[in-house]
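Work through the exercises below with the coordinates open. Each task is followed by a stepwise solution.

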Amino acid sequence: MMALFCAVVARDLRLALRHGADTLGAVLFFILTGTLFPLALGPSPDLLRHMAPGIIWVCALLAALLPLDRLFSAELEDGSLDQLLLLGLPPSLVALAKITAHWLTTGLPLLLAAVPLAIMLGLPPSTLPVLLAGLLLGSMVLSLVGGMGASIVLGARRGGVLLPLLVLPLITPALIFGAAAIDAARTGLPWAPDLELLGAFLAAAIPLCPLAAGAGLRAAVE
Amino acid sequence: MSATPTLVARTGAFFHRYANPGRFLKLGARLQPWLTWPALLLTLAGLGWGLFFSPADWQQGDSVRIMYVHVPAAMLASAGYAGLAVCAVLSLVWRHPLADLAAVEIGPVGACITALCLATGSLWGKPMWGTWWVWDARLTSVLVLFFLYLGHIALIRAFDDPQRGYKAAAILALAGAVDLPVIKFSVQWWNTLHQPDSITLTGAPTMSSSMLWPLALSTLGFSLGFAAIVLARTRAAVMESRIRSLLSSPRRRADATQTTLQGDAA
């Protein structure tokens, strides 16, 4: 079962490598929207330092939403989703494999791109570890919740418009705690409680989201 | 044999008694007046008492009277979503057809009452807090609940096959139910602007009984009204699907083709 799971993840990674532009698109979107904020707000370093946690988190959420739309729908269209579900893996594990691949191809690159963006927005380097730890947990939560949302809207009319409407309200706690942790680190307050709450959210999402996503996938191919 | 499947099966059989649309329509027609008229009377009595005869608050003055609309709306906003979650369980576990139809109808009613809760809260906040809106934990979590309602409404109508929409929306309703405890406990976890609960199950209410009684009446009236509207809409939906299946039944279509054939022959 583990081998099958890894094979599904590896297949998705290979697909992402061969369509490199799609993967890079999300990261480019992240950097571009991030650079729009100083242009719109003015280049005052003090203001930007204040807003940097929120800017980075919101841009990361929106960038990670972009490829979610295609997470399952491409497979549903060409029929390979039926094949994936016939592999012998439970649907929830198929969903988890696709979600893992989404995180590896979107969440990880965003994490790397967040460092230069944070420095450009003037966040002090001492807060970078907290930013990265928060984004690490938060991007996993986003992949899990987003994967659930993507499987639910599978086959809907205007699924691409529906997806953010469903995912963004559910993801608000991660945004609140993630941005609060960076803010706490910047002002010298204890940041561990916020990260722990984010971790608790992730711990709840890991078992529950793939279950719901699996149910969504099964309903989509019925 | 373990006990669980028989229990599940037995509960399912109980619920499925009313899956029969004819039986549901008969029961609904009998229930409807018992919900509608008490709802109207209690709401009018509660609001009339609250707005005209109950005392003004010593601190807040007359603006406290918004409470008689705001509190019932807030309770029903959460209760309505809890109802959606119950319908989701009924639909996913027992594939109950009425639960699906009820979920379609609860969504818009719940979204309206959540909007009413947000609007009255905003009107109350302006004179008391000096601002229409603050990003307080209670306010934000109710706003998220409103978005969850909107997502549910959009999702359940987004599929060409209604069964797919029911199933997807049921999964979403269960996932969104995590917001309910956050709303409930937000005033205790984050001690910000919104006041904590005045009425609890265990303690004595921190409110004078001259305000508690009209509040209880209007809450009961609003709840019955919510139930009455949902029941009426569900009955209408059942009748609508009956009419649609009658209109598109093969026999009728056969009749129609026969008539055209005869017409052609003539």
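Angles between axes under 35 degrees count as roughly parallel, over 145 as roughly antiparallel, 65 to 115 as roughly perpendicular and the rest as oblique. This is a predicted model, in which local features need pLDDT of at least 70 and side-chain atom pairs pLDDT 80 or more, while totals for chains, interfaces and linings use all residues. Residues are numbered from 1 along each chain as written, chains are lettered from A and ligands numbered from 1 in written order, and side-chain values use heavy atoms, without hydrogens and water.

**Exercise 1. Classify the packing of H2(A) and H3(A).**

Step 1. Locate the elements: H2 of chain A covers residues 20-41, and H3 of chain A covers residues 45-65. Helices (H or I, at least four residues) and strands (E, at least two) are DSSP runs, numbered from the N terminus.

Step 2. Take the axes, which are lines fitted to C-alpha atoms, for helices over the stretch in contact; angles run from 0 to 180 degrees between N-to-C directions. The two axes come within 9 Å and cross at roughly 150°.

Step 3. Classify. H2(A) and H3(A) are therefore roughly antiparallel.

Step 4. Assign the hand. A crossing is left-handed if the near helix is turned anticlockwise from the far one by less than a right angle, and right-handed if clockwise. H2(A) and H3(A) cross in the right-handed sense.

Step 5. List contacts (heavy atoms within 4.5 Å). Residues of H2(A) at this contact include A:Phe29, A:Phe30 and A:Phe37. Those of H3(A) include A:Met51, A:Ile55 and A:Cys59.

**Exercise 2. Repeat the analysis for H6(A) and H7(A).**

Step 1. H6 of chain A runs over residues 91-120 and H7 of chain A over residues 128-152. Their axes come within 9 Å and cross at roughly 150°.

Step 2. That angle makes H6(A) roughly antiparallel to H7(A).

Step 3. The crossing of H6(A) past H7(A) is right-handed. H6(A) contributes, among others, A:His102, A:Trp103 and A:Gly107. From H7(A) come residues including A:Ser139, A:Met140 and A:Ser143.

**Exercise 3. Is A:Glu75 buried or exposed, and which side chain does its side chain contact?**

Step 1. Apply the cut-offs: buried is under 20% relative accessible area, exposed over 50%, partly exposed in between (1.4 Å probe, protein chains only). A:Glu75 has 6% relative accessibility, so the residue counts as buried.

Step 2. Look for polar contacts. These are pairs of N or O atoms within 3.5 Å; within protein, one must be able to donate a hydrogen and the other to accept it, and residues adjacent in sequence count only if both atoms are side-chain atoms. The side chain of A:Glu75 pairs with that of A:Arg11 at 3.1 Å.

Step 3. Beyond four places in sequence, A:Glu75 touches residues including A:Asp12, A:Leu84 and A:Lys98.

**Exercise 4. Summarise chain B, then check the span of its helix H5.**

Step 1. Chain B has 9 helices and 0 strands. Of its 266 residues, 43% count as buried.

Step 2. Consider contacts in chain B with a separation of 6 or more. Residues 24 or more positions apart account for 76% of them.

Step 3. H5(B) has 20 residues, 137-156. The expected span is 1.5 Å times one less than the number of residues. That should give 28 Å for H5(B), and the end C-alpha atoms are 28 Å apart, so the two agree.

Step 4. Check cover and start. In H5(B), 17 of the 20 residues are buried. At the start of H5(B), a side-chain oxygen of B:Asp136 comes within 2.9 Å of the backbone nitrogen of B:Arg138.

**Exercise 5. Describe B:Leu25, B:Arg95 and B:Ser122.**

Step 1. B:Leu25 sits in helix H2 of chain B, residues 21-53. At 13% relative accessible area, B:Leu25 is buried.

Step 2. B:Arg95 is in the loop between helix H3 (67-94) and helix H4 (97-129) of chain B. Its relative accessible area is 55%, so B:Arg95 is exposed. B:Arg95 has a positive phi of about 50° although it is not a glycine.

Step 3. B:Ser122 belongs to helix H4 of chain B. With 18% relative accessible area, B:Ser122 is buried. A polar atom of the B:Ser122 side chain lies 3.2 Å from the backbone oxygen of B:Trp132.
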